[in-house]
Structure formats: C-alpha cells, structure tokens
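Please read it with the model open beside you.

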Amino acid sequence: QVQPVESGGGLVQAGGSLRLSCAASGAASGRAFSSYSMGWFRQAPGKEREFVAAISWSGPLIYYADFVKGRFTISRANAKNTVYLQMNNLKPEDTAVYYCAATKSQTRLAYVSYDYWGQGTQVTVSS
C-alpha cells in the first residue's frame with residue numbers, strides 16, 4: 001500500500017519551469033517504495049486523462065509521452081520516497097491537473113494500470 005501526494009504546481013509563464021514532487025506515504029513507504037514504478041499523468045479541463053512520464057523501480061526504465069519532446073525529466077529519490085517531474089519550457093497546452101500514481105509493473109508503463117493515485121496538483125501556464 002502506498003499513498004502518493006503531489007506538490008509543486010502553480011502558475012508560470014510560457015517558457016518557464018516547474019518541478020513537481022510526489023511523496024509516498026503509508027505502509028509501502030521505506031523499502032517498499034522501491035518496489036513500485038511511478039507515473040505522472042495529467043488532465044486538462046474537458047479532456048481525457050493522459051500519460052506524461054513514468055519511471056520503474058528496476059533499471060530504472062523511463063518512459064515519456066511524445067509531446068514531452070525533451071522538455072520534461074522524471075526522476076526518483078528512493079531514500080526520500082519521492083518521485084519528481086522537472087518541467088522546462090512549459091507551454092499553455094501543458095495546463096492541467098497533474099497526478100502521480102504507483103504500480104508494481106516494471107515495463108510498458110504507459111499502458112499498464114496503476115493502483116494508487118494522488119489528489120493532483122494544478123499547473124497553469126499563461127501565454
């Protein structure tokens with residue numbers, strides 16, 4: 001069991017940067033956190049939720065959505081039970097609520113189901 005909690009969202013001008021954090025809590029924290037792959041998703045108003053990036057606990061293997069185009073970087077710090085999403089050169093179309101989620105899968109992380117979800121953090125990019 002793991003409970004992700006997102007933070008770091010906010011308002012930024014186009015071209016700016018934000019770093020989102022996702023801290024895990026609950027029974028799966030500590031050593032158990034390392035057994036989960038972590039993913040970032042986003043949902044804009046009136047649109048479906050979409051995959052952004054994910055990182056496995058083994059390797060690590062990293063997956064990015066095509067629209068990232070080298071702008072975003074996902075990383076994790078297992079000692080802190082935390083996963084990060086560094087977002088650079090933000091665009092207005094990046095505006096959305098960003099969610100982190102956990103899965104025990106190690107591969108195909110853009111396609112597998114995720115078991116635990118955070119509440120989300122708002123990212124707003126002005127033009």
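Predicted model: local features only at pLDDT ≥ 70, side-chain atom pairs only at ≥ 80, totals over all residues.

Among contacts in the protein between residues at least 6 apart in sequence, what share join residues at least 24 apart? The share is 59%. The points below go from the overall fold to single residue pairs.

1. The protein has zero helices and eleven strands. Along the sequence, the pattern is β-β-β-β-β-β-β-β-β-β-β. The radius of gyration is 14 Å, close to the 14 Å from the globule rule for 127 residues, so the protein is as compact as a globular protein of that length.

2. **Extent and burial.** Along the principal axes, the C-alpha atoms fill a box of roughly 40 × 25 × 25 Å. Of the 127 residues, 42% count as buried.

3. **The four-stranded sheet.** Four strands make an open sheet, and their order is S1-S3-S8-S7. The pairing is antiparallel. Strand S1 (3–7) and S7 are the edge strands, and each pairs on one side only. From one strand to the next, the twist averages 20°.

4. S3 and S8 run antiparallel and are joined by six bridges.

5. Look next at S4, residues 37–43. Why is S4 described as largely enclosed by the rest of the structure? Six of its seven residues are buried, so the rest of the structure largely encloses it.

6. **The partners of S4.** S4 pairs with S9 in the antiparallel sense, over seven bridges. Arg42 stands opposite Tyr98 of S9. S4 also pairs with strand S5 (residues 50–55), again in the antiparallel sense, over five bridges. Here Trp40 has Ala53 in S5 as its bridge partner.

7. **The hairpin turn.** S4 and S5 form a hairpin with six residues between the strands. In this hairpin, Gly46 takes a positive phi near 75°.

8. **The disulfide.** The structure holds one disulfide. It is formed by Cys22 and Cys100, with their sulfur atoms 1.9 Å apart. The pair links distant parts of the chain: Cys22 lies in strand S3 (residues 18–25) and Cys100 in strand S9, 78 residues apart. Both Cys22 and Cys100 are buried. Is the disulfide right-handed or left-handed? The torsion about the S-S bond is about 65°, so the disulfide is right-handed.

9. **Salt bridges, starting with Glu50.** How many salt bridges does a search of the whole structure find? The search finds three. In one of them, the side chains of Glu50 and Arg42 meet at 2.7 Å, N to O. Glu50 is partly exposed, with a relative accessible area of 31%. Arg42 counts as buried because its relative accessibility is 6%, and the cut-off for buried is under 20%.

10. **Arg42 and Asp94.** Arg42 also forms a salt bridge with Asp94, at 2.9 Å, N to O. This pair links distant parts of the chain, 52 residues apart. Arg42 is in strand S4, while Asp94 is in the loop between strand S8 (82–87) and strand S9 (96–103). Asp94 is buried, and so is Arg42.

11. **Arg71 and Asp94.** The side chains of Arg71 and Asp94 meet in a salt bridge at 2.7 Å, N to O. This pair, too, links distant parts of the chain, 23 residues apart. Arg71 sits in the loop between strand S6 (62–64) and strand S7 (72–77). Asp94 sits in the loop between S8 and S9. Arg71 is buried, with a relative accessible area of 8%. Asp94 counts as buried at 0% relative accessibility.

12. **One network.** Which residues do salt bridges with shared partners join into one network? They are Arg42, Glu50, Arg71 and Asp94.

Notes. Residues numbered from 1 in each chain as written. Heavy atoms only, no water. Salt bridge = Lys/Arg side-chain N within 4 Å of Asp/Glu carboxyl O. Buried < 20%, exposed > 50% of the residue type's maximum accessible area, 1.4 Å probe, protein only. Helix = DSSP H or I, 4+ residues; strand = E, 2+ residues; numbered from the N terminus. Pairing = 2+ DSSP bridges. Disulfide = S-S within 2.5 Å. Axes fitted to C-alpha atoms, helices over the stretch in contact; angles between N-to-C directions. Rg over C-alpha atoms; globule rule 2.2 N^0.38 Å. Contact = heavy atoms within 4.5 Å.
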